[in-house]
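Visitor: I would like to learn how to read a few features of a protein model. Please take them one at a time.

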Amino acid sequence: MSQPSTLPPGIAIPLRKRLSCRQARAAVLVGMAVGLLLGIVEVIHDLYRERTRIHSNIAQVLEVVREAAGHATSENDPLLADKVLEGLFNCQSIHHAHLNTATGGLLRQKDRPHPETGIIKWIASQLLTDVNEITTPLNWNGRLVGQLSIAVDPYLSARDYLFRASFTLLSSLFAAFLLAALLTIIFHHLLTRPILMLGQQLARLDPDAPARQPLTLPTGHQGDELDHLTHSINQTMESFASALRAQQETARQLKQTQFSVDHAADMICWIGPDGRFLYVNQAMCEAAGYSQEEMKGMTVADINPDLTPTAWSAHWNDLKQRHRSRMESQVRTKDGRLLPIEIHITFLEIDDQEIHCNFARDISRRKEAEVAINRVNRILLTLSRGNEAMIKATSEQELLNSICRLIVEEGGYRMVWVGYPTPDDSKRILPVAQYGFDDGYLQQLEITWEDNEKGCGPTGTAFRTRQPSCARRIRTDANFTPWREEATRRGYASSIALPLPNDNLLPLGTINIYSAETDAFDQDELRLLENLANNLAFGILKFREAEERRRAQRAMALSEEKLRTLFHHSPDCLMTLDRQGAVQFSNRQGPNHPRALLQEAMIPHLRERLDTVFKTGQAMEYPFTDGEKAWWEARLAPIFQDGKVTEVLAVCQDITEKRTLQAQNLRNARLASLGVLSASVAHEINNPNNAIQFNVPILTAIWEDALPILQKAHAGSGAFCLGGMPMDEAMEVLPQLLDGIRMSSHRIQTIIGGLKHMARQDREPLTQRFDIREPIQSALLILQSQVRQTTDHCQFIPHPSPLMVRGNAQQLEQAFINIIQNALQSLRSRANRVTISTAPHADHTRVQVILRDEGCGIDPEHLDKLTNPFFTTRTATGGMGLGLSITKTIIDNHSGDLSFQSVPDQGTTVTVSLPAVVEPTRGDAP
C-alpha cells in the first residue's frame, strides 16, 4: 500500500496542554450531556426502527395468510378461516381482524382487547403514523373471492418500546456518568502511561507503520505526552483518510457494479433458501411484467411452474452440492405467457446467508428459431422420404397414401388430404387420399373451384389460381367461414392448399395440409412444401404415363393377340412362300384340311404362278380344287423389302360352302319356280275340287231321298242292280263312296292349301293347342291304303295320357305323312315293321315322336344331307328330294328338332322333339 498523504489543515487534533480540574469537571458535564443526547438519538432511532419492523411484520403476515384466506373464503370454510385468523394474530400489532366474502358477508372475526394509557397510546400513534386499518382483497384462481380487514394498534410494541427507551436513557446517563468519572481519574491520576499506550495502539492502527515497533517520542517532545498523543493521532488520521479514500473508490466501484447489475441486459436475481426473491434487476422485472416490489414478495413457484415447493427443495439441495449449474426453464409472466429462459446458477454464502445468484437470458427467439429449424428439418425429411415413396410405390393411389402418411407422421401436421377435380361440369374437388385426424371432416366437406363462397377457400383458390393458398388463422379467416366450425372442433388452426402442377391449363389437383398451430406456414416451409407438391405431381404424371403405356401395351398386346388369333384361327390357309415355293410360314388350317395334305395339294398350283408374282410384283387370284370335292380360291400378294419382292403371301380360302350356296340358290330358284307352278296347279285344281265339294252334299241328299224309294222297289220287284252292283251291296257301299269322295275332296283342298303356302312362303299362326296323337292318327288314316299295300305290321303306340303341344296340327300332319311315307318306301317286304310311339321327355318340357322302321337304312355320308332341298336317293323312282326338306322347315317353325339314326340294311329311327304345353293342375290359376 502507498504511504498516506498529508492530512488537510484542521484535521489534526491540537492537544497541547495538560487539563485542569475545571476543565475536567466541564469534561464530565459535557460527557453526561453527550451521553444523554446520544441516548435520545438512540431512542428516536429505535422508534423509527420499531415502526419499520411493525410495518414489515404486518406486510409479511398479510402475505403469508393471503393465499390461505383466499382459499378459505372461496370454499366458505369457517375452520380454515379460524386458522387463518390465529396465524394473523401472531403479529402483536394486530388487535382486531374480520374475514368477509365477496358478497359482503362476514365469514369470521377475532379481537384482542388491551388497555390504552396515555404515554403508551401516544407512542403507539407514533409507531402507526398513517396506518390504522388495512383492507386487503382476496383472490383465488384469478377471481375476487372476498376481503380481509385488520385493525392495527401496537400496544404491546409501544409498551416494549417504552421499556427499552427508558432503559436506553438511563443506560446512556449512567454510561456518560461513568465515562466522565473515568476521564477525571484518567486526567488527574493515570494520564501518562495510558496516553503512551494509546499512542502505541494508535500507531499500530497505521497499516504503513512497522509491525510491533515500540513507540518513540519525537525529538524535543520527550516530556510532552499530549504532543506525542497529538502526533500519533495525526498519523492515524492520515491513515484513516487514506483508507477512506480507498473505501470511497470501492464504494464508487460497487455503485458502478450495482448500476451495471440493475441495468444489465440479462435477467439477474438472488433467491433465498425458501424460494423468495431477495433481489431482482430491471431486466428481470421487465421480462416477468412485475415491479421490483411485487417480485420481492414472490417466490420462484409464482413465476416458474416447474419449480414447485417440493421441486425447489430438491433443486436447492442439489445446487448446494454442485455450487454451479446451467439449465433451461421458463417464466410465467404477469399476463400468463410462458417465457423460455436459459439460467446460469451459482450457489453463494455471504455473511452466513445462503443465496442463489441467477443469471437468466431470454431464449424465446432461439426457441422459435429451433422450432422453425426443426419444422424445416421435418419437412426436408418428409421430402426425402417422399422421394423414396415415389420410387417404391407401385400405383398412383399407393403414392398418394404414402405421401399423406409421411406428411402427418414426419412433418408433424394434424391432417392431410389430396383432392382431384370431378370429370363432369360440377367443378367439385373430391378427396381421393387422406391421413391424420379426420373424424368425418372430409365426408361433409363440399369444395368447388368456382368463384363462389365454397370456392374461395384455400383449396378452391389454389386450384383456380394455380398458386398456393394459406389460411394462417382459421378462426378469423373470412374465406374459411363455410368450414370453420368443423375445422376448429377438430383442432385445425391453420391450413394450406398447394396445387399439383400440370402441363395443361388446370392442375392435377391439390394437396391440403392442416396444422394445429396458428401461423404455421412460413416462407421456408412454404418453399419446401411447394417442392413436395411438385414432386408429387411429377410422380402422379409418371404413374399416369406408365399407366397409359401399360394400357397402350395391353391394347397392342390385345390387338396382336386378336390378330394372332384371327391369323391362326382363320378358316383360310395363310402361307408365305419364297421363289422356290418353299413354305416359310403358315397358320393353322381348317379342321378338315391337315396342313401337310393342304400344302401338298396347293403347292403345285401355287408354283405355276409364283414366278409371275415375283416378276410383275402384282397380286393375282384364281380357284382350284384339292381333289376331295373341296374348292379353294388362292390370292397371291407380293411382300416388298427395299423395293424388291422377297416373299409372296398366299391366302387360300375354302369356297366349297360358297359353291354349295350357289347350288342351293339355284335349287331355291327352282323351288321358287315350283312355287309358281304349285300356285298355278293349286288354282286349276281348286275349281273342280270346289265343284266336287259342292256336289257331294247334293248327291248325298239325293241318295238319302232316293233310298226309301229304292228300298220299296227292291221289296216289290225283287233284286236288281245299280251300276252293275246288286241293290243290297249298293245300299252298303254307296254311302262309303260318298264319304270317300268327301274326304278325298278335303284332302285335295289340304294339298292345295299346302301348295298355296309354298307359293306364298308365309307362315300360318301356330297358336293351336292339341294332343300330338291327333296329327299322327290323321296321317295314318290318310296313308291307310298305302300302309295296307306295303306292310302287315304298322303299329301306333301312343302315350297313355295326352301330350299337348302348340302349333298347327295340319302342318304337323303333313310332316308326319312325309316321314311315314319315307319309312314305308324303305321297306323291302311286308314282313318289315313300322312302329310309331309318343312319350314325354325326361324333364317333361318336350314331347317326343319316335318312328322306327326295318327298312334298307341310310348310308352314313347321306345322313347330314337328308333335309337338303332336292337331295334324294330315289331319283330312279321319281323322288324329288323335297319331302324331308319341307318336314324340317315345319318342325323348325314349331321350335322342334328332327334327328335321324340309321344302320344300313337294319333300319332307321326318326325322332321328332316338340315343346310341350304344361297343363295347369287343379287349383292353379287358368
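This is a predicted model: local features need pLDDT of at least 70, side-chain atom pairs count only at pLDDT 80 or more; totals for chains, interfaces and linings use all residues.

Visitor: How many cavities of 30 Å³ or more does the structure hold?

Guide: There are four cavities that reach 30 Å³ or more.

Visitor: Which residues are the closest to the centre of the largest cavity?

Guide: The lining of the largest cavity is made of 18 residues, and those closest to its centre are I271, V300, N304, I343 and N358. To place the lining in the fold, look at the elements that each supply at least two residues: the strands β5 (267-271), β7 (324-332), β8 (338-350) and β9 (353-362), together with the helices α9 (300-303) and α10 (309-322).

Visitor: What is the lining of the largest cavity like by class?

Guide: For the largest cavity, 14 lining residues are nonpolar and four are polar, with no charged residues.

Visitor: What is the volume of the second largest cavity, and what lines it?

Guide: The second largest cavity has a volume of about 100 Å³. It is lined by 16 residues, of which I447, P458, T459, F480 and Y514 are the closest to its centre. Two or more lining residues come from each of α13 (458-465), β13 (494-500) and β14 (509-515). By class, this second lining has ten nonpolar residues, five polar and one charged.

Visitor: β7 and β8 both supply residues to the lining of the largest cavity. How do these two strands run, and how many bridges join them?

Guide: As a general idea, side chains in a regular strand alternate between the two faces of the sheet. Here β7 and β8 run antiparallel and are joined by nine bridges.

Visitor: Now a loop residue. Where does N76 lie, and why does N76 count as partly exposed?

Guide: N76 is in the loop between α1 (21-75) and α2 (78-88). N76 counts as partly exposed because its relative accessibility is 47%.

Visitor: Which residues does N76 touch, not counting residues up to four places away in sequence?

Guide: On that count, N76 touches T101 and L107. N76 and T101 are 25 residues apart in sequence, and their C-alpha atoms are 7.8 Å apart in space.

Key: Residues are numbered from 1 along each chain as its sequence is written. Side-chain values use heavy atoms; hydrogens and water are left out. On a 1 Å grid over the protein atoms alone, a cavity is a set of points where a 1.4 Å probe fits but cannot get out, and a pocket is an open set with protein on both sides within 12 Å along at least five of seven lines; lining residues have an atom within 4 Å of a point. Grid points are joined across faces, edges and corners, and a volume is the space filled by probe spheres set on the points. Helices (H or I, at least four residues) and strands (E, at least two) are DSSP runs, numbered from the N terminus. Ala, Val, Leu, Ile, Met, Phe, Trp, Tyr, Cys and Pro count as nonpolar, Asp, Glu, Lys and Arg as charged, and the others, Gly among them, as polar. Two strands pair if DSSP finds at least two bridges between them. Buried means under 20% relative accessible area, exposed over 50%, partly exposed in between (1.4 Å probe, protein chains only). Contact means heavy atoms within 4.5 Å.
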